[in-house]
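Please keep the sequence and the structure in view while reading.

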Amino acid sequence: INAIYYAADNGSDVINMSLGSTYSGYTFEEYKSQYSDHYQWYYDAFEYATNKGAVVVIAAGNESSDLELNLSLPAAFSEVLPGVLSVAAVGNTGDLSTYSNYGGLISIAAPGGDFNAYSSEILSTLPGGNYGYMAGTSLAAPIVSGAAALVMAANPDLTPAEVESILQ
């Protein structure tokens, strides 16, 4: 949460969050009710960032879960704040990746690789200055972040909600 404020205060146009956790059988409404303080901390940070003009892009998670029935944090905040996007992953066929979380609460999908007959994965940096192939919504989110940055570079007066609409 502090990093979101830091990024917003230091002029970030796009905040990529390739992170999160999924909680099976636990809904966003239950989270808001039972952990209202935590909910408000996230909400305030995301609202602050989007009000300062930053698009927030969050990986939706890799548990093959329907996010209408299972909570994915912080991706669930895409449901309540314009300009905050949750990203599912698709493979090289354009189909939802086997591991990707899914459902009506997802904002957008992007290439994140898959473990299928075509062996589609995304080349990524690894510890120790190495490169390797990986798959996940954490790899799909930066693709959406890059697209958002290009849209904002061409149209600097757009709001985060407008960028979200254009990408969708």
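A residue counts as buried when its relative accessible area is under 20%, and as exposed when that area is over 50%. The model discussed here is a predicted one.

- Helix α1 spans residues 2-9, and its buried residues are I4, A7 and A8.
- An α-helix has 3.6 residues a turn, so residues three or four places apart point the same way.
- The buried residues of α1 pack against β1 (14-17) and α3 (36-51).
- On the face turned away from the buried side, α1 carries the exposed residues N2, A3 and Y6.
- After α1 comes G11, which has a positive phi, near 85°.

**Helices α4 and α5**

- Two packed helices are described by the angle between their axes and the distance between the axes.
- For α4 (residues 137-154) and α5 (residues 160-167), the packing angle is about 115° and the axes are 10 Å apart.
- Angles of 65 to 115 degrees count as roughly perpendicular, so α4 is roughly perpendicular to α5.
- The crossing in which α4 passes α5 is right-handed.
- From α4, the contact is made by V144, A147, A148, V151 and M152, and from α5 by V163, I166 and L167.
- Sorted by class, this contact of α4 with α5 has 8 nonpolar residues, no polar residues and no charged residues.

Definitions and conventions: Residues are numbered from 1 along each chain as its sequence is written. This is a predicted model: local features need pLDDT of at least 70, side-chain atom pairs count only at pLDDT 80 or more; totals for chains, interfaces and linings use all residues. Side-chain values use heavy atoms; hydrogens and water are left out. Axes are lines fitted to C-alpha atoms, for helices over the stretch in contact, and angles run from 0 to 180 degrees between N-to-C directions. Helices (H or I, at least four residues) and strands (E, at least two) are DSSP runs, numbered from the N terminus. Angles under 35 degrees count as roughly parallel, over 145 as roughly antiparallel, 65 to 115 as roughly perpendicular and the rest as oblique. A crossing is left-handed if the near helix is turned anticlockwise from the far one by less than a right angle, and right-handed if clockwise. Contact means heavy atoms within 4.5 Å. Ala, Val, Leu, Ile, Met, Phe, Trp, Tyr, Cys and Pro count as nonpolar, Asp, Glu, Lys and Arg as charged, and the others, Gly among them, as polar. Buried means under 20% relative accessible area, exposed over 50%, partly exposed in between (1.4 Å probe, protein chains only).
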